[in-house]
Amino acid sequence: MKVIYHINTMEAWTMTLGNVRNMLDWLHQNQESYEIEVLANGPAVRGYLPGILPDSLNVVMAQAKAEGVVFAACRNALRAQALNPESLIEKTVVVPAGVIELAQKQQAGFAYIKP
């Protein structure tokens with residue numbers, strides 16, 4: 001299974017991470033292989049700053065990262081939010097443009113999910 005989650009508002013982090021956790025649980029129970037990416041653009045890139053999300057969500061994100069989920073931030077959104085990529089939490093991948101990343105992943109067969 002190949003999936004890209006798209007998040008562009010801070011309010012959507014709780015639902016997105018819940019969806020990712022539920023999907024990982026199902027995939028593990030059914031012994032399915034997967035590639036999962038969570039792409040944040042717009043104001044949602046702020047969720048990758050240390051101390052912004054509640055600890056409970058940081059735990060879910062850390063567990064998902066340990067299970068191979070890629071968490072990506074749009075460089076254009078970081079610029080728009082005046083954020084330095086080096087200030088993001090560990091293992092956050094910065095992609096040049098979120099819209100290009102979404103299109104490329106969909107062309108590569110990733111399912112698009114926007115919680």
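This is a predicted model: local features need pLDDT of at least 70, side-chain atom pairs count only at pLDDT 80 or more; totals for chains, interfaces and linings use all residues.
View 1. Under the surface, 42% of the 115 residues count as buried.

**View 2. The chain and its elements.** Four helices and five strands make up the list of elements. Start at the N terminus and you'll read them off as β-α-β-α-β-α-β-α-β. The radius of gyration is 13 Å, close to the 13 Å from the globule rule for 115 residues, so the protein is as compact as a globular protein of that length. The C-alpha trace spans about 40 × 35 × 20 Å along its principal axes. Take the contacts between residues at least 6 apart in sequence: 71% of them join residues at least 24 apart.

**View 3. The largest nonpolar core.** Here you're looking at 31 residues. Those with the most contacts inside this core are Trp13, Leu17, Val38, Tyr48, Met61, Val69 and Phe71. At least two core residues each come from strands E1 (2-7), E2 (35-40) and E3 (70-74), and from helices H1 (13-29), H2 (55-66) and H3 (75-80). H1 gives the largest share, six residues.

**View 4. Close-up on Leu17.** Setting aside neighbours within four places in sequence, Leu17 is in contact with Leu53, Leu57, Val60, Met61 and Phe71.

Technical notes:
Residues are numbered from 1 along each chain as its sequence is written. Side-chain values use heavy atoms; hydrogens and water are left out. The radius of gyration is taken over C-alpha atoms; the globule rule is 2.2 Å times the number of residues to the power 0.38. Buried means under 20% relative accessible area, exposed over 50%, partly exposed in between (1.4 Å probe, protein chains only). Contact means heavy atoms within 4.5 Å. A nonpolar core is a set of buried Ala, Val, Leu, Ile, Met, Phe, Trp, Tyr and Cys residues joined through side-chain atoms within 4.5 Å.
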